[in-house]
Amino acid sequence: MKNTLKRNKNHIRIFHPEQNSLPGNILAQLANTITEVGNNEDVKVIILKSGGDRTFCAGASFKELIAINDAATGKVFFSGFANVINAMRECPKFIIGRIQGKTVGGGVGIAAATDYCIATKFAAIN
């Protein structure tokens, strides 16, 4: 599987092969998708989940973090999860988070921003 953000009506699935550590382009797509689905009158509930087996979200991409070399790049990087969480907070639809594995960093923020969070027995928030 490659980096993806997939939407199927009211299901939004994120995936990145590095333990679902999310690069900026996926975070931007996620924020935009949440806003788009939230404005869709045919959707009543949004289900947010991730691909892979044992990690919901490992936070931000470390490759992008170490590549920051100026304030503008840093601002964009550190705004990624904030934009997703704000889109979730402003979304007029009920958001259910399916947490099927470990989540850390910005992933904890995403899990906390859901309206209802369902965790499997493999879930762990650090």
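Trainee: In strand 5, which residue is the bridge partner of Val 45?

Mentor: Phe 94. Strands (E, at least two residues) and helices (H or I, at least four) are DSSP runs, numbered from the N terminus. Before going on: this is a predicted model, where local features need pLDDT of at least 70 and side-chain atom pairs count only at pLDDT 80 or more, while totals for chains, interfaces and linings use all residues. Residues are numbered from 1 along each chain as its sequence is written, and side-chain values use heavy atoms, leaving out hydrogens and water.

Trainee: How do strands pair, and in which sense do strand 3 and strand 5 pair?

Mentor: In general, strands of a sheet pair through backbone hydrogen bonds, either parallel or antiparallel. Here, two strands pair if DSSP finds at least two bridges between them. Strand 3 (residues 45–50) and strand 5 (residues 94–99) are parallel, over 4 bridges, with Ile 47 opposite Ile 96. Strand 5 also pairs in the parallel sense with strand 7 (residues 116–119), over 4 bridges; there, Gly 97 stands opposite Cys 117.

Trainee: What order do the strands of the open sheet have?

Mentor: The order is 1-2-3-5-7, 5 strands with mixed pairing. Strand 1 (4–8) and strand 7 are the edges, each pairing on one side only.

Trainee: Is Phe 78 buried or exposed?

Mentor: The cut-offs first: buried means under 20% relative accessible area, exposed over 50%, and partly exposed in between (1.4 Å probe, protein chains only). Phe 78 has 58%, so Phe 78 is exposed. You'll find Phe 78 in helix 3 (residues 71–90).
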